Amino acid sequence: MACMYPATSSSPEILYPYIEKELIKLLGSETNWISNAANAASTLGFLMPMLNWAGFYLYDGSELILGPFWGKPAVTRIQIGKGVCGDSAKLRKTIVVEDVHQYPGHIACDLFSNSEIVIPLVKNNQLIGVLDIDSPEIGRFQEDDRIALEKIATIMLDHIDFPTIV
Ligand code: SME
């Protein structure tokens, strides 16, 4: 397996296409979903600047269960409709939180988190889970990040054989 190097620039036009290319290369060489999801979370954590957590919560048919991630240990179960992750899963909509301390019901896992983006993972109209990314910087995630990360979530859904229900 080839080494992964940081992108040559952290500007979104350079960074996100680079992450996409690295992910497609990495995920194409393995079929096991746990290994691929673990490497996908690690890729985001390693390549994206100013993050403290990146990972998956997967739907078990009733609630969200912690999946592979990069960062500190986190809450293991989140009810649908609770916290940013549960809201995103319920609405099936990306939620960008500029300041987590202002978000009603935000679930704090890492005290260093100040902003967050959660992208729902939906395939064939079925909820698979969410991709959750946290930053210590307030307002870290902007519109260009949302668009790029939604595309990256689609790449993950195309290349990772997530179980429909964990
Ligand atoms: N902040 C999330 C919980 C998960 S941790 O950020 C990893 C939420 O409010 O749903």
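1. In which loop does Asn-124 lie? Asn-124 lies between β5 (115–123) and β6, strands being DSSP runs of E with at least two residues and helices runs of H or I with at least four, numbered from the N terminus. Its phi is positive, about 50 degrees, although Asn-124 is not a glycine. Asn-124 is exposed, with a relative accessible area of 71% (buried is under 20%, exposed over 50%, partly exposed in between; 1.4 Å probe, protein chains only).

2. This is a predicted model, in which local features need pLDDT of at least 70, side-chain atom pairs count only at pLDDT 80 or more, and totals for chains, interfaces and linings use all residues. Residues are numbered from 1 along each chain as its sequence is written, and side-chain values use heavy atoms, with hydrogens and water left out.

3. Arg-92, in the loop between α3 and β4 (95–97), also has a positive phi, near 55 degrees. Arg-92 is partly exposed, at 39% relative accessible area.

4. The ligand is surrounded by 13 residues (a heavy atom within 4 Å). Val-84, Cys-85, Ile-107, Cys-109 and Asp-134 are the closest. The largest share, three residues, comes from α3.

5. Polar contacts are pairs of N or O atoms within 3.5 Å. A ligand nitrogen lies 2.7 Å from a polar backbone atom of Ile-107, and a polar side-chain atom of His-106 is 3.3 Å from a ligand nitrogen. For Asp-132, a polar side-chain atom is 3.3 Å from a ligand oxygen.

Technical notes. A polar contact is a pair of N or O atoms within 3.5 Å; within protein, one must be able to donate a hydrogen and the other to accept it, and residues adjacent in sequence count only if both atoms are side-chain atoms.
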